[in-house]
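Hello,

Here is the structure I promised to pass on, with my notes below it.

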Amino acid sequence: MKIIVAIKQVPDRDAQVRIDAGGKWIEESDLQFALNESDAYALEEALQLKEKHGGEVVVVSAGPERVGQTIREALAKGADRAIHIESADLSTWDALGVARLLAAAIKPENADLILTGLQSDDLGLGQTGVILAELLGLPHASLILHVDASEGRLEVKRELEEGWFQSVELPTPAVLTIQSGGNKLRYATLMGIKRAKTKEVRRTTAAELVPEATPVVVLEGISLPAKQRSTQILPGSPKEAAAALVERLKFEVRVL
Amino acid sequence: MSGVWVVVEQREARIGRISWEAVAAGGWLGAKLGLQVSGVVIGAETESLAAEIAGKALARVVRVEHPLLAQYTADGFSLALEQLIAAEKPDYVLFPHTYQVRDYAPALAARLGQVLISDVIGIGDGPVFTRQLMQGRLNGSYRQSGDGPCLISVQAGAFRADAAEAGAAEVSVFAPTLGAEQIRTRPSEPFRGSEQTVDLSSAPMIVSVGRGIKEAENLPIVRELATALGAELAASRPICDNGWLPMERQVGSSGQTVSPKLYLAVGISGAIQHLVGMKGSQCVVAINKDPDAPIFEVADYGIVGDLFEVVPALTEAIKASRQ
């Protein structure tokens, strides 16, 4: 079974994000980056499917030079090889443009299964996988927690809202977007890290894959969100803040 | 071009609140732009649902009906709406931002050469659509730059459902051309994950824990706080994903929606998926080390600090106050 996993490098969850001077994106120079969380689950699902059925896991990622590090991490966890689509200005592409890039890189691979996380932790669009399926002319299912694969078909567990689930059958090749939490994530072993250094990372560029991309939706600017409630921050040492909160809970909220 | 269309979603022949919120958003956008607003309902038998929607101030309600639309599939719904959009040429198509919409609307948009502006929390002049970025730490303003229908999905709670005014719309039927071979996925009936033994929705007080707790071994300090308060213990998604607490204690879009008198969020940053599950709480208290965490945007009281110091101190203070 040949499985492609589309992964994204995003600002680390605990990173302090600041708006850049242009007001259209965040200041990236001093940020730490990491593998997008649901993409890590997509990679884990792919690695488990390979362990069960054999085959190959190929990771694809678009972005600047720094993305190479996230690609190496995926290889260290057990992916067999990678495709790095180099692009310095990915934040100005819309979801359709990014999906076109990925589709152009993925199509020649003729994979049985294409996985990606259900949404990115930075833009949170939650669309790339679904658009990718449409562009590749493949069936898809989204928000998937578990995959059972057999010859030419998949049975997947799809998450619905409010604690409901559904199983869906679909033929391969197919695209699945993976929800976090379905599996336990593995860590890279020392041996894996060592091996990753010799694995193939094929580099291509956005310009080679999609010569012309005019966005149909543009991000005009970013801003700090307005507060929905006026928050009273309780200052002081932990003990003082705790005492102040107990006062409020007693006399204002009246729950104590 | 023919105005603003709102696609109303049904689940088990019922229309959810988020769909009425989308109708309200559509009404607002239509009024702003001087466009007619119409409703769409998709299914195999939609007569009674359409009648319910037609009770709102809409120009028309279209029943997109076909036996193959009895059960939701991305292929069926995309094909049907693509045909409706080709026939009606709407300027804007609004959807409620549900899991179902997330499953098909991006593909439908791509088919039209468009991009769904998803998870919108506000609409401004232009129109410019606001959605959250960076797990709610920032807002982004999006605008359609091309031509053709503009597809939008609206986040739960962003518009008031009761703002959708009453009226009497004309109802018509649109029969798309669909073949069984075009529908490539076979969904089963939805089922409940596990026996629901905890009903967080009726809990008067909830202490909820997030990623900031770092390790499962650290959970007892939060459990002790919940016990001291007499509150139910809940969690954000990552805690349940890790198996540290059962899924049934999860608050958020994929878990339970709660509105207790007191919601005390410990080490929860406040991504939108969590906020939609708890922002109806009467009083929100947040304890977090990051003063910029989005949870503080919805908090009434906040303590910025190390939860490993603040939570034990709070437990002690509560115990002392009860003696």
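Ten strands make up an open sheet with mixed pairing, ordered S12(A)-S9(B)-S8(B)-S7(B)-S10(B)-S6(B)-S1(B)-S4(B)-S5(B)-S11(B). Strand S12 (217-223) of chain A and strand S11 (170-174) of chain B are the edges; each has a single partner strand, so one side of each lacks a neighbour in the sheet. From one strand to the next, the twist averages 35°.

A word on conventions: this is a predicted model, so local features need pLDDT of at least 70 and side-chain atom pairs count only at pLDDT 80 or more, while totals for chains, interfaces and linings use all residues. Residues are numbered from 1 along each chain as its sequence is written, and chains are lettered from A and ligands numbered from 1 in the order in which they are written. Helices (H or I, at least four residues) and strands (E, at least two) are DSSP runs numbered from the N terminus, and two strands pair if DSSP finds at least two bridges between them.

Within that sheet, strand S8 (residues 128-133) of chain B pairs antiparallel with strand S9 (residues 138-144) of chain B over five bridges, and B:Arg131 has B:Gly140 in S9(B) as its bridge partner. Helix H1 (residues 17-33) of chain B packs on the sheet, touching S1, S4, S6, S7 and S10 of chain B, and its direction makes about 155° with that of S6(B). Contact here is between residues whose C-beta atoms, placed from the backbone, lie within 7 Å; angles run from 0 to 180 degrees between N-to-C directions, with axes fitted to C-alpha atoms, for helices over the stretch in contact.

The two chains share this sheet: S12(A) joins S9(B) through six antiparallel bridges, with A:Leu219 opposite B:Tyr142. The contact between the chains takes 67 residues from chain A and 73 residues from chain B. On the chain A side, H7(A) gives the largest share, nine residues.

A second open sheet has six strands with parallel pairing, in the order S13(A)-S18(B)-S17(B)-S16(B)-S14(B)-S15(B). Its edges are strand S13 (232-233) of chain A and strand S15 (232-235) of chain B, each with a single partner strand, so one side of each is left open in the sheet. Strand S14 (residues 205-209) of chain B pairs with S15(B) over four parallel bridges, and B:Ile206 stands opposite B:Glu232. Helix H5 (residues 219-229) of chain B lies across S14, S15 and S16 of chain B, at about 175° to S14(B).

Now the interior. A nonpolar core is a set of buried Ala, Val, Leu, Ile, Met, Phe, Trp, Tyr and Cys residues joined through C-beta atoms within 7 Å; buried requires 20 or more other C-beta atoms within 10 Å of a residue's own, exposed 12 or fewer, and partly exposed lies in between, with C-beta atoms placed from the backbone. The largest core has 130 residues, of which A:Val5 and A:Leu102 touch the most other members. Helix H3 (residues 95-106) of chain A supplies the largest share, nine residues. Beyond its neighbours within four places in sequence, A:Leu102 contacts A:Ala6, A:Val60, A:Ala62 and A:Leu132. H3(A) is mostly covered, with 11 of its 12 residues buried.

Happy to talk any of this through.

Best wishes

Methods. Contact = placed C-beta atoms within 7 Å.
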